[in-house]
Amino acid sequence: MTAGVLLTGCDTDQVSLATNAKANQPVPPKLLAAMAEKDMDLQSPILVRLFKQEAELEVWKQTRSGQFALLKTYPICRWSGDLGPKVREGDRQAPEGFYSINPSQMNPQSAYYLSFNTGYPNAFDKALGRTGSQLMVHGDCSSRGCYAMTDEQIAEIYSLGRESFFGGQKAFQLQAYPFKMTPVNMAKHRNNPNMPFWKMIKEGYDHFEVTRQEPKVDFCEKKYVFDAAKPADAKRDPIFDASAKCPAYVIPEEIASAVREKQAKDEAEYAKLVAKGTPVARMNTGIDGGMNKIFAAKIPEGSTGLSESAEGTTLQMLAMAKAPGTIPGHVNPPKPNLDAVASAPAPQEEPVVAVAAPATNTRVAAAEKSGGGFFSNLGRKMGLGSADTTATTTPPPQATASVAPAATSTTPTTAASRLKAAVTRFVPGHDKSKEAVKDAAKDAPKPAVAAAKPAEAPKPQPDTRLAQTRPALKPSVSDGAADSTQMAGAAPVVSSNSFESRFGAVK
């Protein structure tokens, strides 16, 4: 009856969203078979985990036993920024932390095929004064602070979220991490100033790892609290406020003891890795974000950026593999940020202690309010949040490198030579021998009558990442046939058990 009332109140535009073909694409048969094999129901709850360094998105689904199991791992086509949480509007950072996705955050009319809003900033972010908006997981493989998939991938992920809502899940949890929180990764990044924050969210990572249950998330004293429960003698559940003092609470012993055991093993392994001299990862390499290796292998001069390739696997080896979806022609792989590189100190051979990254050039994505949709209105009527808006970007101002004038013979290195060295390091196919000859000629003594000319910064490539018109439907990543770069263009038929008909049947 409630569903019938909700549909009765919709206007024409909202009804059209209820029959939106993109948002109603059925879950692919291959994925349904995987669910059956893993003892999962189609409409059971889901949970999503994101990892920047690995450039992977995991979809977990609840089995009939009540625990979550990994259903599928999707390579991320593009994410922007650096490892670390989002701090302010326009910093190009993709968020890290724990977020809740309810139906009002699902956007069937996204400019990037389909999307859902991550919910950043959460109460923790707000307590620290962090700003930002319209941080999405969407299609189109183009990111300015978001996690971007291919259109085919987001269609599949969107369908899984939609079915979990039909099954009664009020919101699914999104866990976003800089990397998989293993002892090896923690050791590599031990000098990163974000480490206190990462250790805090690792607590939630560990809770999920040992219980395979979605951890309950609360905030107090500007920190995360996981799986808090009321003390035995308390008469009511504790009330949490992200900016206030923590109330009295306990963590159930069966969870607390399992987490302590895991953390003791992790810390022992971490100590061994540090003792044997595991190199510290560099910060501020000057590269903006990352891309999964499977996509980088398909793009001329493609690079994984801050994402790591699998050991023993080169981009050349992956070039013959099938791409998981259509890679748009305007895709922009990770490249050096020339402003950051020009002002950075000369590279050193040995690992150095990581220091805080200077602010990169900021390019803010302009957002347009969407007209709302069925999911948005459903969320509002159920009291689950306000309507979502879809991020529609405008071309950002191009970055220009600020390079010092060429040095005289008394100066050993110049900003220009450091810039060239950085480009040589980061841009595949760069001819080092030719650049070495050019640098030697530039740094040679000049006649006294010749005036030194400032070194010109390389011209930035034009940004062509605007959303382009795409076909209305995309084939499934799991079931569609594709060549090395594109998926087949056949459009799936919308299931008769569609968004509108399901709720209409309740009338």
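The side chains of Glu58 and Arg49 meet in a salt bridge, with 2.9 Å from N to O. A salt bridge here is a side-chain nitrogen of Lys or Arg within 4 Å of a carboxyl oxygen of Asp or Glu. The model is predicted, so local features need pLDDT of at least 70 and side-chain atom pairs count only at pLDDT 80 or more, while totals for chains, interfaces and linings use all residues. Residues are numbered from 1 along each chain as its sequence is written, and side-chain values use heavy atoms, with hydrogens and water left out.

Glu58 is buried, at 4% relative accessibility, and Arg49 is buried with a relative accessible area of 4%. Buried means under 20% relative accessible area, exposed means over 50%, and partly exposed is in between (1.4 Å probe, protein chains only).

Arg49 also meets Glu209 in a salt bridge, at 2.9 Å from N to O. This pair links distant parts of the chain, since Arg49 is in strand β1 (residues 46–51) and Glu209 is in helix α7 (residues 195–211), 160 residues apart. Helices (H or I, at least four residues) and strands (E, at least two) are DSSP runs, numbered from the N terminus. Glu209 is partly exposed, with a relative accessible area of 24%.

Arg49, Glu56, Glu58, Lys180, Glu209 and Arg212 are linked in a network of salt bridges. A search of the whole structure finds 20 salt bridges. One of them joins Glu253 and Arg260, at 2.7 Å from N to O. Glu253 is partly exposed at 47% relative accessibility, and Arg260 is partly exposed with a relative accessible area of 47%.

Strand β1 also belongs to a sheet. The order of this open sheet of 5 strands is β3-β2-β1-β10-β5, with mixed pairing. Strands β3 (68–75) and β5 (97–101) stand at the edges with a single partner strand each, so one side of each is left without a neighbour in the sheet. From one strand to the next, the twist averages 20°. Two strands pair if DSSP finds at least two bridges between them. Strands β1 and β10 (residues 172–177) run parallel and are joined by 5 bridges.

Which residue in β10 stands opposite Phe51? Tyr177 does. Rings of Phe, Tyr and Trp (its six-membered ring) pair if their centres lie within 6.5 Å; planes under 30 degrees apart count as stacked, over 60 as edge-to-face and the rest as tilted.

| Pair | Centre to centre | Angle of planes | Type |
|---|---|---|---|
| Phe51 and Tyr177 | 5.6 Å | 15° | stacked |
| Phe116 and Phe172 | 5.5 Å | 80° | edge-to-face |

Phe51 lies in strand β1 and Tyr177 in strand β10, so the pair ties together parts that are 126 residues apart in sequence. Phe51 is buried at 0% relative accessibility, and Tyr177 is buried at 0% as well. Both Phe116 and Phe172 are buried. Phe51 and Tyr177 are among the members of one aromatic cluster, which also includes Phe98, Phe124 and Phe197.

The charged end of Arg130 sits over the ring of Phe197, 5.5 Å from its centre. Lys22 lies over the face of Tyr113, at 5.0 Å from the ring centre. A charge sits over a ring if NZ of Lys or CZ of Arg is within 6 Å of the ring centre and within 35 degrees of the ring normal.

Conventions. Axes are lines fitted to C-alpha atoms, for helices over the stretch in contact, and angles run from 0 to 180 degrees between N-to-C directions.
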